[in-house]
Amino acid sequence: MESTVSVKQLLEECRQLFGTDTPAAFAVCERAILHATNTGSLAEEADARHLMAQIVFGQGQHELAAAEIEKAIEIRSALNLPGKLASSYNSYGVFLDAMSRHGAALEAYFKSLKIKEELNDKKGIASTLVNIGSVYSRLHNTERELQMYERAKAIAHELQDERTLAYINLNLGILYWRKEEYNNALQHLEGIEEKLQAAGDGLNAQKAVMNRGLIYLKLGKFDAAENNFNTVLQLSQQTSDHTLAAVAHTNLAELSLHKNNLKEAITHAQEAIQIATTNNLKECVKDATLLLSEIEQKAGNYQNALEEYKKHIAAKDNLMSLHNIKLLEELHLKYDLERKQQEAEIHQLKNVELKTALDKLQEEKHRSDNLLRNILPDEVADELKQSGKAKAKLFEAVTVMFIDIRNFTVISEKLTPEQLVSEIDFLFKKFDTIIQQFDLEKIKTIGDAYMCVAGLPVPDTLHATKAANAALAITSLMDELRAERVKNNQPFFEVRVGLHSGPVVAGIVGSLKFAYDIWGDTVNTAARMEQNGEAGKINVSGETHALLQSQYDFTYRGKVHAKNKGEIDMYFLNQANT
């Protein structure tokens, strides 16, 4: 009995520290888990692990939080503690949703909902319905999202639960804002920040004010928008929320741009970038640098505009890598789903919502498959699905191609950032189509450069031929586009293309931002071929020329100095022999 009380005391101390001294709360909770484990107090261990999950989740350790809550779920399920089990499933859904495992989050939420309905826990039902609606929001299922919120709202009205009503109105306001029903959105958002602050939720209070400001900005009510954005900045000082502070400055920069106050717009955009960069807020950096590029261009500061646009491209590429990581993580959801579907007998489930959720999971499984094959070669994707990992492999003979857009700086000064992005996107999509036609594998884009390879992941003796044909198709495309643009008196891009053949190592690399990549001296030499080429021409190495000399017409350039390579033979590839 004494040990049980001691664990309870530790948990109470931990709850008091949680939110004010996180490291101390962690240490106390760790002691509680150890004490409960040593004394065999399973119920107390589950309580401690549930609390530990919340602590580490608040520190951003989502995977660890999920692992702790899974242990709490296992214990509470074995001990038949339905109320606490429902609470753990609800928290599990929150953690999974934060990791973008939306299908698994839905499954956890619906399990929590089913238990709460059996217990007639109306307050808990309303809360979980709101969480489910939020997941449907991220899955872009507006109809289901609205259904969840309306069900929750009816229960909250019945219970006269003002706090839950405030949360629901916040989510409904955001939903109607997305649907461009601005007046309806404002009705739901008006005045709810006071209720949220009274409930101790300053973060969501800021979100309510921020979204109101965005609606006023959309309606052209600039003074009202400015007041709301400034209120967000004031509130952010109380909550130390850097994300909303950065977004507020970005919105104020856009507002100042609308008012043609460029000096103030630049100041706000720079403040947003500084906050976002300091706090590693990649999405905010991407948005703020693009906006600042547009402002600088409007102010006639073309060099500054170009520099900010380059930062935007770098941030965008970084986010794409992170997005690819999330897609790979979704594979684990797919494996879990397949196992659970074999065990579950859906026709025996009385809860219709759970059946709907599992159907949704099946859709997510197909979506995960399709998206995975968009970022990895089929062979690598299959290996990942079979073993959960993919080994790096040596390919003895491939041809690497680098394509670089020339006169980028000059043309970027004549286009808006949006036009520039559109132009590059148009070209890269054309390149994608061409390399697919000739069986090349796209590796990555780096700003205004494009990299691909022939001869992997399946070895191909015709790798050099296929790369040469693709390169000729790309230069032919650029010639056609140039003629069209010159005719219409429009600016046009040119490209340099470089080819080199040899061995490479390919695989998924990195422990955090992993992606399918190739590396080795062959890659470096191919890059030097592009760098030492000329606009509109295909520059190839002596190794690639040796593989193609009987099939194509070349112009020998002699030995050309290449950085870190010395003097090496280079050839211009002109055309295929007839």
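**The whole chain**

Of the protein's 578 residues, 49% count as buried (under 20% relative accessible area, with a 1.4 Å probe and protein chains only). This is a predicted model, where local features need pLDDT of at least 70, side-chain atom pairs count only at pLDDT 80 or more, and totals for chains, interfaces and linings use all residues. Residues are numbered from 1 along each chain as its sequence is written, and side-chain values use heavy atoms, leaving out hydrogens and water.

Switch to cartoon view and you will find 24 helices and eight strands (DSSP runs numbered from the N terminus: H or I of at least four residues for helices, E of at least two for strands).

**Stop one: S91**

Now select S91, which sits in helix α5, residues 82–98. Is S91 buried or exposed? S91 is buried, at a relative accessible area of 10%. Beyond its neighbours within four places in sequence, S91 is in contact with H50, Q54 and I69 (heavy atoms within 4.5 Å).

**Stop two: a helix pair**

Next, show α14 (residues 242–258) and α16 (residues 282–298), whose axes come within 10 Å and cross at roughly 20 degrees (lines fitted to C-alpha atoms over the stretch in contact, with angles from 0 to 180 degrees between N-to-C directions). So α14 is roughly parallel to α16 (an angle under 35 degrees). To see the contact, pick residues including A246, T250 and L257 of α14 and A288, L291 and I295 of α16.

Terms used:
Buried < 20%, exposed > 50% of the residue type's maximum accessible area, 1.4 Å probe, protein only. Parallel < 35°, antiparallel > 145°, perpendicular 65-115°, else oblique.
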